[in-house]
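Subject: Structure handover

Hi,

Here is the structure for you to look over. My notes on it follow below.

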Amino acid sequence: MVSKNKSSDGPVLQVVEDEAEKVAVFGGLGDRTNPDSVSRPVPPSIGVVIVNYNSGRYLKRCLVSLLKSEVGLRIVVVDNSSDDDSLKGVHSGQLRHHRLELVKNEDNLGFSTAVNVGARNVESDYIMLLNPDAMINAKTLSGLRDELEARPSAGIAGPIVFNADGTEQRGCRRNDPTLVRSVVTTLGLERRFEGVNRNHELLPPHTESVDAVSGSAMMIRRDVFDELNGMDESYFLHCEDLDICRRSRDIGYDVLFCPAYSVFHQQGASGNVSSLTVESYKHEGMLTYYENHQASRDNLPLQWLNKALVRASLARFRLSSWFGEFRRAGESELDQNNDSGLLVEDVVSGTKNDAKPGRGRTVLLTGAKSDVGDHLIKLLTKCGYDIVAVSRTVQKPVDSKTNSVRWMSAEYFEKSPQPEEIKIDYWINLAPIWTTRAFGRLFRKLKPRRLLAVSSSSLHSKSESTSRRDQKLVKSLKAGERYAEKLADQLECSAVIFRPTMIYGGPRNQNINFISDFVRWFRFFPLLGRGDGLRQPVHSHDVALACLYAIQTTKLWRSQPSVKTFELGGLEKISYRKMVERVFQSQQRKARFLPVPLWLIKSVLTLTEKIPGLDFVTSGAADRLQQDLVFDNEPAREAFGYSPGKFVP
C-alpha cells in the first residue's frame, strides 16, 4: 500500500508502507512483521539518509556496502521522483532479506529538502548523509561516530572521499570560499596559493578541524542538525554542504576531516541531468552562499566582485560546452550504461563469474602504460583475471568493452587508510625495477602472494661501459633487484625477476623505433665497422606472454629458491647489421649503410646522450656494436614454457 502524507511543514511525499518494500532496519532490530519475535531494542545511534535521483545500479551498490558496516543502522532512502529502475534493485539479491525505509517524493525537491525529509523519518543520535553513488568502507560509520563522541566540541565529521580512480575528490576537505581563494581555484593555482580545495595537500596524520567537508559523505550530530534547523532548503543542489559546515562553526561546533576512514564516490551518476544543468546548480548555489554568509561582512563592491566571478565562471562553462570541450554528461552515461571498468566491490572481493584460468584472481599491474602492459592487459583479461592497473594519471581501460580492468591512481594507495581490503594475488611491476622501492609501501599494505618484476639485461651488457649514464643505469638496476629480493624475503612471498634483452614492438620502445624513424627520414643508416655483434631482440608481446605463463605455472613459485631470475631474449640471434637490414625490408627499402669511424660516432653520441629524448643512445653503445649481447632462454623455457618468436620489426 502507498499512502500520501502531507505534513503541515513539509512537502507532499509518499511513504511506502508495503512490508515488501518498507523499512528500516539494518543490523538486527527484530522482525517487524512478527510482533512475537525479538523485542525492539533501543534505536541505533546512526541513521543514514540517502537521496536518490535516477542513480541506476549505484543505489543498490551503495546499500550493499552499508550492509558490511560494523554498527547497526537505520537507513532511509528518499527518492526525488526517479523515472529509472534504480529502486528495483533495492528489493533484490542481498537486500531482499533486509528492510529499509523508502520515502518517495512526488517531485524532485532538490538535495537539501530531501535530506530534511529523510532526517524526519529516522530516529538516531547521528545522521549520516551518503550519496547513492558512494561506497562506504565497513569501518567508516563507526569511526566517524567515535571521532564525534571523542570531541564534544565537533558537530560534523567527514571521511576522505576518493573518486572512482582513487584520486582524492576535490570537495573532500575545503576552505571557506572567499574572493581570493575562488580566484586562485578558478585559475588552477591551488598548488601554489591557498584556494578552496585542499585535496592536493598531504594527508594529516590524524583527524583535524577544517572549514568544510563533502556532503557526499557527512556525519552530523542530531542535536546540531536540529539546532541548525537542518539543511538550508534555499539550495537545490550543491553548496549546501559548505553552508551547513559554515553554520555549524558559527554556533561553535568544529568540522572534522577524518583521514583514517574512507568512501568511494562515483560522482555524476544521476541520469537525465546534463553537465550544464549541474554546473548551473553549482554556480547558483555559490551565489546563494555568498549572499547568506558574506552580505553582512563584506563591503558592497566585494559582493559584486564575488557574484561577477561566479557568473563569469558559469558563462565560460556554457561557452565551452557549446563548443564540445566538456563531455561530462556523455562520459557519465558511458560509465553507467557500459559498465566500463571493474566496480570497487569486484576488486575487493576478487571474484569473477567465469570458468577461465584466472577466475577469482586479481593482478596488481604497475607500469601498465607500456608496450608490454598493452599486451599483458589483453592477455590477462582473456584469461579471466581481474586487473588493478596503477597509474599516476587518470586512465580509462584500453578496451572499453572490457569490464575486468580497473585503473587506479597511485594516489589512492598513498592516501587510503584501508587499501589492504583490495585482495591481490600477483603483483607484476612493468615499470623500471628501481620503482619497486617506491611501491614498497603499497606492497606491504596489500601483501600479494607473488611478485613478478621486469628488470633488464642491460645489468650485464652495460656493466663495462665507460658512459656515466650507463653506469648509473646499471647501479639502479642492481639496487632495484636487491630491493625486490629483500622485500620478498621480509614478507615471505615468492618473487620472479625477468631480464629481457632489447624490447621492440609498440609505440614506446626506443631502440628499434629510432632506427626505423632514421631510415624513414634519411633512407640510409650509419654503421660502425661490420656491425657483426649479435643481438637478440624480443617482442613486447613475447615478454607479456612470459609474464602470463609465469603466474600460471604453480611449480615456479613453490620451488626453491624463493627469488628466481630469468633472461628473456628473442628466438633469433642475429647481427646488428642484419637487424637493421630487416628494418629496411619492413619499409620495402633497399638497405643502404654509411660507414662511420668509431671516434666520430662516439663523439656524436657523447653529445646526443645529453639531449632529452635521445638520452637512451649513449656513447657506450658504439663500443657494444661489435659485441655479442645474447643470452640463454633455456632456463625460462624449462621453468614456464617461454617460447619467443623471430625478429619481425
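A salt bridge here is a side-chain nitrogen of Lys or Arg within 4 Å of a carboxyl oxygen of Asp or Glu. Keep in mind that this is a predicted model, where local features need pLDDT of at least 70, side-chain atom pairs count only at pLDDT 80 or more, and totals for chains, interfaces and linings use all residues. Residues are numbered from 1 along each chain as its sequence is written, and side-chain values use heavy atoms, with hydrogens and water left out.

Salt bridges

The structure holds 28 salt bridges. One of them joins aspartate 226 to arginine 222, with the closest N and O atoms 3.7 Å apart. Both residues sit in helix H5 (residues 222-227), four residues apart, about one turn of the helix. Helices (H or I, at least four residues) and strands (E, at least two) are DSSP runs, numbered from the N terminus. An α-helix has 3.6 residues a turn, so residues three or four places apart point the same way.

Burial is set by relative accessible area: buried is under 20%, exposed is over 50%, and partly exposed is in between (1.4 Å probe, protein chains only). Aspartate 226 is partly exposed at 41%. Arginine 222 is buried at 16%.

Arginine 499 and glutamate 567 also form a salt bridge (3.2 Å, N to O). Arginine 499 lies in strand S20 (residues 494-500) and glutamate 567 in strand S25, so the pair ties together parts that are 68 residues apart in sequence. Both arginine 499 and glutamate 567 are buried.

Glutamate 581 and lysine 578 meet at 4.0 Å, N to O. They are three residues apart in helix H20 (residues 576-586), about one helical turn. Lysine 578 is partly exposed, with a relative accessible area of 34%. There is also a network: salt bridges that share partners join Asp176, Arg181, Glu194, Asp211, Arg246, Arg249 and Asp250.

The sheet

Two strands pair if DSSP finds at least two bridges between them.

S15 (residues 362-366) and S16 (residues 386-391) pair in the parallel sense over five bridges. Threonine 362 stands opposite aspartate 386 in S16.

Eight of the 11 residues of helix H1 (residues 57-67) are buried, so H1 is largely enclosed by the rest of the structure. Among them are Tyr58, Leu59, Arg61 and Cys62.

In H4, Leu179, Arg181, Ser182, Val184 and Thr185 are buried. Just after H4, glycine 188 takes a positive phi of about 70 degrees. Leucine 187 is in the loop between H4 (179-186) and strand S11 (208-210). Leucine 187 is exposed, at 57% relative accessible area.

Val183, Leu187, Leu189 and Phe193 form a nonpolar surface patch, with about 340 Å² of accessible area together. Patches are made of residues with over 30% relative accessible area and no salt bridge; like charges are joined within 9 Å, nonpolar side chains (Val, Leu, Ile, Met, Phe, Trp, Tyr) within 5 Å. Areas come from the Shrake-Rupley method with a 1.4 Å probe; for residues, only the protein chains shown count as cover.

Best wishes
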